[in-house]
Amino acid sequence: MLRALERAAAALFRSSPNPRVGCVLVSPTGQVIGEGSTQAAGSAHAEVMALRDAASRGHATQGATAYVTLEPCSHQGRTGPCCDALREAGIARVVAATADPNPLVAGRGIERLRAAGVDVQVGPCAAQARELNLGFFSRMQRGQPWVRLKAATSLDGATALANGASQWITSAQARADGHAWRARACAVLTGIGTVLEDDPRLDAREVATPRQPRLVVLDSRLRTPPGARLFEVPDREVLIATTEAAFASPQRARLEERGAMVVPLPAHEDQVDLTALLRMLADRGVNELHVEAGARLNGALLRQGLVDELLLYLAPKLLGSGARGLSDWGPLDTLAQGVELQLREVAQVGPDLRLLARVAGRDEF
């Protein structure tokens with residue numbers, strides 16, 4: 001199963017919106033005869049790739065065991081049911097790390113395999129398999145993506161100087177590492193303030209990736225310039241979330257001419273309702289949402305309790321008073337009103353520190 005999890009991790013950048021799944025086939029004598037991982041959406045799942053691998057090696061699969069990191073699917077989507085493919089290949093035993101939270105599967109794959117006489121075990125390495133697909137579990141069980149807020153700051157919490165200068169607080173190594181986190185996400189979210197001030201591309205160009213995550217711009221008044229650099233990234237979907245009031249603006253047609261998809265959403269205090277935004281993105285297959293925004297949007301997400309974890313790059317430098325901070329929310333009256341975090345990982349990336357901190361209790365669903 002650990003080997004199957006390694007194969008699942010190989011799908012990190014490509015499987016969206018499908019979960020990252022790995023499969024390892026083992027012969028009755030204990031020999032690994034085939035391996036596979038989820039391909040791009042609409043292509044083969046991990047189980048089919050493992051069966052193809054076994055066939056290409058000339059191995060028979062009759063009586064073999066399949067170790068798979070997620071329950072084999074049982075429904076007809078863009079590909080056929082994997083539980084049927086395993087049964088037809090003569091697989092005698094299936095060991096799945098965890099059941100599939102997708103209501104279209106949700107135990108049906110296990111039931112169909114058992115009904116066909118296949119021995120099925122569920123549970124080994126369940127926590128690791130769920131963690132690898134926490135965004136998929138979030139979308140299926142909470143109806144919203146897993147929201148990861150990324151920021152690069154000095155040790156005293158500054159993201160930019162008072163004049164807006166921020167390039168570069170952290171090192172080239174940290175920036176490349178941040179692009180890998182972009183690449184694994186289904187979508188990158190930013191605000192119109194960042195677009196107007198920095199004119200970023202917000203693509204994953206520092207790592208080799210078979211797909212670019214879609215870009216979502218929160219733009220309540222449709223102020224996104226049609227000439228913005230974000231439109232220069234080829235083969236990337238750009239979605240602009242705006243209010244229903246701004247949807248009738250002539251600017252909408254100009255943005256759609258640049259290939260943007262403009263989506264109207266309910267407003268809250270003249271701004272796009274953030275909860276409605278997350279639900280809309282979940283409906284569009286977004287599992288992991290990677291936020292790279294300014295203090296205002298960061299603060300709104302934190303204030304409304306919509307951030308699940310923070311990805312922070314800390315540079316070994318101090319930028320002093322007056323500098324811009326990570327988020328604009330508060331002031332708080334008591335320490336108890338703060339956001340309690342649990343450190344999940346601390347790593348050095350070049351000269352900088354990378355912290356992955358999860359909001360306490362957010363993964364309990």
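How many salt bridges does the structure hold? The structure holds 27 salt bridges, a salt bridge being a side-chain nitrogen of Lys or Arg within 4 Å of a carboxyl oxygen of Asp or Glu. This is a predicted model, in which local features need pLDDT of at least 70 and side-chain atom pairs count only at pLDDT 80 or more, while totals for chains, interfaces and linings use all residues. Residues are numbered from 1 along each chain as its sequence is written, and side-chain values use heavy atoms, with hydrogens and water left out.

**Salt bridges**

Side chains of opposite charge can pair when their charged atoms come close.

| Pair | Closest N and O atoms |
|---|---|
| E131 and R344 | 3.3 Å |
| R214 and E237 | 3.9 Å |
| R358 and E309 | 3.1 Å |

E131 forms its salt bridge with R344, and this pair links distant parts of the chain, with E131 in helix α5 (residues 126-132) and R344 in strand β17, 213 residues apart. Helices (H or I, at least four residues) and strands (E, at least two) are DSSP runs, numbered from the N terminus. E131 is partly exposed at a relative accessible area of 31%, and R344 likewise counts as partly exposed, at 43%; the term covers values between buried (under 20% relative accessible area) and exposed (over 50%), with a 1.4 Å probe and protein chains only.

R214 forms a salt bridge with E237; because R214 lies in strand β9 (residues 214-218) and E237 in the loop between β9 and β10 (238-243), the pair ties together parts that are 23 residues apart in sequence. R214 is buried, with a relative accessible area of 18%, whereas E237 counts as partly exposed at 32%.

R358 forms a salt bridge with E309, and since R358 lies in strand β18 (residues 352-359) and E309 in strand β15 (residues 309-315), the pair ties together parts that are 49 residues apart in sequence. Both R358 and E309 are buried. A network of salt bridges links R20, E131, R148, R184, E288, E309, R344, R358 and D363.

**Cavity and pocket**

The structure holds 1 cavity of 30 Å³ or more, and about 90 Å³ of space lies in the largest cavity. On a 1 Å grid over the protein atoms alone, a cavity is a set of points where a 1.4 Å probe fits but cannot get out, and a pocket is an open set with protein on both sides within 12 Å along at least five of seven lines; lining residues have an atom within 4 Å of a point. Grid points are joined across faces, edges and corners, and a volume is the space filled by probe spheres set on the points. The largest cavity is lined by 15 residues, of which N18, R20, N133, C186 and N287 lie nearest its centre. Helix α6 (residues 134-142) gives the largest share of this lining, 3 residues.

The second largest pocket has a volume of about 470 Å³. Among the 24 residues that line this pocket, N18, P19, H45, H75 and N102 are the closest to its centre. The elements giving two or more residues to this lining are α2 (46-56) and α6, and the largest share, 3 residues, comes from α6.

L343 is found in strand β17 (residues 341-349) and counts as exposed, at 59% relative accessibility.
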